[in-house]
Amino acid sequence: MGTNKDSLSRRKFLGLSAAAAGATLAAKTILLEPEPLFAAARSVAASDRVRFGMIGIGMQGNWLLSSSIELPGIECARACDLYDGRHTLAREITAKPDLPVTRHYQELLADKNIDCIVAAVPDHWHKQVVIDAVSAGKDIYCEKPMSHTAAEGAEMADAAKRTGRIVQIGSQRVSSLICKKAREMVAQGMLGDLMMVEGWLGRNDPTGAWEYPPPPDLSPENLDWDTWLGTAPKKAFDPLLFARWRCWKEYGTGVAGDLLVHLISGMQCVLGINEIPKRVSAFGGIYRWKDGRNTPDVHPVLFEYANVPVYMRLSLGTESTEVTRFMGSKGIIELGEFGVSYTPQAGIDLSPSYYASSFPSRLRTVYFNQWHAEHDPKPGQEPAPESLSFKGNDYDDLRPHLWKFFESVRSRKPVLQDAVFGHHAALGCHMANESYYRKKPVYWDAVSQTIKS
């Protein structure tokens, strides 16, 4: 085939298109101002204070406790943990040497002076604590994932509906300004038609892979080991199981329940959906952390949400910043840890089609001339699509998430990440795990309320 000044290879066409787009793509960065959720020095009358009971003062629980008591009008009235060393920790965090502490969370539920519960316990205890709390008339903030199994999640959602109590699940990203901005951009139609969503999150260190150091003094004398095991198979006291419970499916839900649930919750919030995935297919294995765990440390998962493919990948062997990318016909919204960006796409030919290079020269010349006559912008009227970047506070916005819960306890207004939302997000994680363990794609059977292959 001969060459012609009007002929274009695919590579040249794509290069010229990219150059043309880049030449006209303006960029703007906007700083998101934190919402005035509360006044720092706000004085709250004793009658208007929210008094909560803290269940579980471990790695996540001590963060929840310390963050909650920094909020105006919020007071910790009593704390519970099965390990006595965390009774001391709770008193240190609250600066209350006489803070009532116990190993029995039922004492908090029976306390009429406690308005609500904040709970951070291993996954296999979530169902019992939540159902007991709402049945006792207490609102509860429960750490993610909401449930340890699909069946438990359904029980928890039913209990919340039956009692009318407020249940908020602790995937705090849904309360961040960055997530809110991404949701606004989608609602404004900036994506056009949604084509696909992809997300990823990776770690590459022992702590990130849950190889936590157990408390040096941990023993059957200062830990109620039998109660900690709960409904899980009975085992001899093991400090590593206590500290690293996420590694085993008997107590935790692996990277799906620890990390994937954040990606799913954020995605559902941004897209304005609240659903169970139609189909799930997962892969992976234990590639890096061969320490006796039985949950995968690499876990890629393909879902179908909102009638589009959603690809999420988790790894505990390679560090990668948390990102969720929403790809549409008009552009891409990329949600990250400290910001959200939008890159528009024209979705039209920016140059004559390279397929025309297969025309004979007389036809090709006519096509090129006609294309330029119909599509070339007039001088001074060239389009200038704008790339937007919004920078904000940490995506991991725990304080606003807790504040929204406590304000709901006061006002009785519903929360976004309620028991139904939490159940659906957790179901995506359970389906990812089930597909991995069964080595088959799975789907949710709404009739039997079970995961099937």
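**Close-up views of a predicted model**

**View 1. The largest nonpolar core of the predicted model.** This core comprises 71 residues, and the members that touch the most others are Leu 260, Phe 303, Phe 326 and Ile 333. Helix α10, spanning residues 254-271, gives the most to this core, contributing 11 residues. Apart from this core lies another, of 25 residues, including Leu 108, Ile 117, Ala 119 and Val 121.

**View 2. The surroundings of Ile 333.** With residues up to four places away in sequence not counted, Ile 333 touches Ala 182, Met 185, Val 186 and Leu 191, together with Thr 324, Arg 325 and Phe 326. Val 340, Ser 341 and Tyr 342 are also touched by Ile 333.

**View 3. Strand β9 and its pairing with β10 and β16.** Strand β9 (residues 279-282) runs antiparallel to strand β10 (residues 298-305), to which 3 bridges join it. In this pairing, Ala 282 is set opposite Val 301 of β10. Strand β9 also pairs in the antiparallel sense with strand β16 (residues 442-445), over 2 bridges. Here Val 280 faces Val 442 of β16 as its opposite residue.

**View 4. Gly 284 in the loop between β9 and β10.** Gly 284 counts as partly exposed because its relative accessibility is 28%, a value between the limits of 20% for buried and 50% for exposed. Neighbours within four places in sequence aside, Gly 284 is in contact with Val 298, Pro 300 and Tyr 436. Glu 374, 90 residues from Gly 284 in sequence, lies 51 Å from Gly 284, C-alpha to C-alpha.

Terms used:
Residues are numbered from 1 along each chain as its sequence is written. This is a predicted model: local features need pLDDT of at least 70, side-chain atom pairs count only at pLDDT 80 or more; totals for chains, interfaces and linings use all residues. Side-chain values use heavy atoms; hydrogens and water are left out. Two strands pair if DSSP finds at least two bridges between them. Helices (H or I, at least four residues) and strands (E, at least two) are DSSP runs, numbered from the N terminus. A nonpolar core is a set of buried Ala, Val, Leu, Ile, Met, Phe, Trp, Tyr and Cys residues joined through side-chain atoms within 4.5 Å. Buried means under 20% relative accessible area, exposed over 50%, partly exposed in between (1.4 Å probe, protein chains only). Contact means heavy atoms within 4.5 Å.
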